[in-house]
Amino acid sequence: MQRDLGKRPWTFYALSAFFALFVAFLYGPMSAIFVLSFQGPTGGLTFPMNGVSLRWFSALFQQERTGDFAGGFTRSIALALIVLSLTVAISVLAGLAFRRRFVGSTPVFYLAVASLIMPGLLVGLGVGLTYQTLELTPSWYSSALGAQLTLTLPFGLLIMFAVLSRFDRAYEEAGRDLGASNWQIFWMVVVPILFPGMIAVALFGFTLSYDEFPRTLLTAGAKNTLPMEIWGMTTNVTSPALYALGTVTTLVSFVAIILSLGSIAIIQWRRSRGPMAAKMALANTQAALTNE
Amino acid sequence: MIIGVSFFEYDGISSVPAFQFGNYAELFSSRITLTLYLKTIEYALIVWAITLVVGFTVSYFLVFHVRSILWQMGLFLLCTVPFWTSNIIRMISWIPFLGRNGIFNQALMGLGVTSEPLEFLLFSDFAVIVAYVHLFTLFMIVPIFNSMARIDRSVVEAALDGGSSRWRIIWEIIVPLSKTGIALGSIFVITLVMGDFYVVNTMSGGHSATVGLAMYNQIAAVQYPPAAASAVILLVIVTLMVAAILRLVDVRRELAS
């Protein structure tokens with residue numbers, strides 16, 4: 001918006017300050033939790049710190065104190081990985097299918113968006129009641145899996161739409177001209193090109209499932225996932241062990257974020273240096289020269 | 001497969017009226033229902049207004065004031081990273097901040113602003129709204145940022161050349177052109193607040209209740225029929241609000257493209 005690239009208007013500084021405040025608002029409370037989870041043995045739920053210790057982290061692994069942390073953690077990770085694989089597979093296939101307008105594509109699309117904005121507790125209640133009516137036993141790998149997919153699939157689909165809108169069909173046609181079968185085109189042309197988008201879908205699938213609470217609450221059955229354990233702790237546990245658990249789960253999320261964003265960045269960087277990029281850069285330069 | 005999963009919830013919710021009808025009469029005749037809905041809508045509107053202003057300002061800053069694309073993406077990611085972490089953890093992280101002996105109160109007393117700790121900070125409407133804004137502003141920033149990023153800069157340049165003030169540019173160019181993003185963000189924030197129960201439960205400390213929380217309590221007491229009845233009513237109201245927003249703004253173009 002600035003015409004003279006030298007001086008910035010005063011509004012820039014005002015807005016920067018606003019932005020900085022917003023980031024502090026986003027991250028401040030979280031960082032307070034990280035610090036407080038290292039609270040000393042006699043410390044309480046707030047500052048000041050009474051010494052520094054890892055006591056509350058070790059308290060997590062004593063089952064009777066804080067509930068079944070290890071079990072919930074294992075189940076959450078397992079469930080998140082199942083959701084991740086299903087979400088990636090289905091979103092990619094559905095995204096490719098949506099490129100052609102098949103019969104009923106519009107209603108299916110609206111159903112997907114509707115289940116995205118549906119309040120999570122209602123989804124959980126619906127799935128839970130269905131299971132009850134059908135006299136099935138809900139458990140984390142069946143009913144909770146279905147309830148979580150109502151959230152992750154629409155997200156994955158919307159991301160695939162965005163990715164596919166930039167996908168050039170000429171690559172597929174080139175593959176066909178060279179005599180590739182449909183199967184070969186899919187695995188050797190489409191999947192490698194879409195791979196960064198698929199990582200993004202995977203990131204959403206994993207983290208949404210790993211932290212999902214309102215949909216899972218009524219569908220997890222007898223064995224809880226991690227967010228349920230945390231929820232139980234907010235009402236029962238009044239020690240910094242709660243913060244230690246928060247720190248651990250947030251670290252897991254951060255590892256997932258860094259792994260996926262990092263691999264996307266590496267792939268894009270490699271592409272920008274590969275032979276394709278060189279050709280495109282050449283073409284751009286030529287186009288620029290002819291315009292002159 | 002999507003049909004299968006969407007069928008899941010459709011099946012669950014529509015099967016409800018089939019065997020329990022009398023619960024609606026009770027729901028409609030109760031005065032508590034009205035208070036619950038008023039409270040829920042009050043929260044939704046306040047949170048919507050705050051997240052709209054904050055989300056718009058942040059997106060505007062990122063799109064029109066940050067010059068380098070690299071910085072823009074970096075700062076945008078900085079805003080979205082918390083989205084991938086646990087909502088419950090982010091919510092309880094306000095407790096050490098707002099509590100009676102919390103950081104905020106200690107800071108205020110340290111500065112000599114108050115001599116007594118402020119009681120209204122935690123377990124109150126204030127705490128609930130702070131937590132909502134903290135959790136849901138991202139859902140406003142992402143769609144508004146997306147539609148703003150698509151605005152053609154030359155339009156803004158032309159307006160500047162024509163001598164428009166920055167305010168007029170915002171009101172007459174940027175707001176109308178980013179209105180699909182605003183509508184999408186509003187739908188997300190309103191449905192999230194309307195369907196929430198755990199933030200109200202924890203942050204209000206039992207002092208206020210919304211429809212979602214009442215439903216959760218009914219479910220916890222194994223009163224499924226009334227819970228299901230209020231679920232249907234809540235769904236109808238949320239659908240009406242979404243439909244109203246969609247009438248004002250045509251979001252389809254944005255989603256379809």
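1. Read from the N terminus on, the elements of chain A run α-α-α-α-α-α-α-α-α-α-α-α-α. That is 13 helices and zero strands. Please keep in mind throughout that this is a predicted model.

2. Chain B also lacks strands: the count there is 15 helices and zero strands. Of its 257 residues, 43% count as buried. For chain A, buried residues make up 37% of 292.

3. In chain A, take the contacts between residues at least 6 apart in sequence: 76% of them join residues at least 24 apart. In chain B, residues 24 or more positions apart account for 74% of the contacts with a separation of 6 or more.

4. Chain A is assigned two stretches as domains, namely domain 1 (10–53) and domain 2 (67–273). Their centres, taken over C-alpha atoms, are separated by 30 Å. Where the two touch, domain 1 of chain A supplies eight residues and domain 2 of chain A supplies seven. On the domain 1 side, the residues divide into five nonpolar, three polar and no charged.

5. The largest nonpolar core has 123 residues, and the residues with the most contacts inside it come from both chains: Leu125(A), Ala127(B), Ala131(B), Tyr132(B), Val193(B) and Met215(B). Helix α8 (residues 125–149) of chain B gives the most to this core, with 14 residues. The core also draws at least three residues from each of domain 1 (10–53) and domain 2 (67–273) of chain A.

6. Ala131(B) is one of the residues with the most contacts inside that core. Which residues does Ala131(B) contact once its neighbours within four places in sequence are left aside? They are Met91(B), Trp94(B), Val199(B) and Met203(B).

7. Helix α7 (residues 143–164) of chain A deserves a separate look. From its first C-alpha to its last, this helix of 22 residues reaches 31 Å, close to the 32 Å expected at 1.5 Å a residue. Even so, α7(A) bends by about 35 degrees at Leu149(A). Since 16 of its 22 residues are buried, α7(A) is largely enclosed by the rest of the structure.

8. Glu212(A) lies in the loop between α9 (182–211) and α10 (214–217) of chain A. Is Glu212(A) buried or exposed? The cut-off for buried is 20 or more other C-beta atoms within 10 Å; Glu212(A) has 27 such atoms, so Glu212(A) is buried. Not counting residues up to four places away in sequence, Glu212(A) touches Gln148(A), Leu151(A) and Pro227(A). Gly126(A) is 86 residues from Glu212(A) along the chain, and their C-alpha atoms are separated by 16 Å.

Terms used. Residues are numbered from 1 along each chain as its sequence is written. Chains are lettered from A and ligands numbered from 1 in the order in which they are written. This is a predicted model: local features need pLDDT of at least 70, side-chain atom pairs count only at pLDDT 80 or more; totals for chains, interfaces and linings use all residues. A nonpolar core is a set of buried Ala, Val, Leu, Ile, Met, Phe, Trp, Tyr and Cys residues joined through C-beta atoms within 7 Å. A residue is buried if 20 or more other C-beta atoms lie within 10 Å of its own, exposed if 12 or fewer, and partly exposed in between; C-beta atoms are placed from the backbone. Helices (H or I, at least four residues) and strands (E, at least two) are DSSP runs, numbered from the N terminus. Domain bounds come from an automatic or database domain assignment. Ala, Val, Leu, Ile, Met, Phe, Trp, Tyr, Cys and Pro count as nonpolar, Asp, Glu, Lys and Arg as charged, and the others, Gly among them, as polar. The expected span of a helix is 1.5 Å times one less than its number of residues. The bend at a residue is the angle between axes fitted to the seven residues ending there and the seven starting there.
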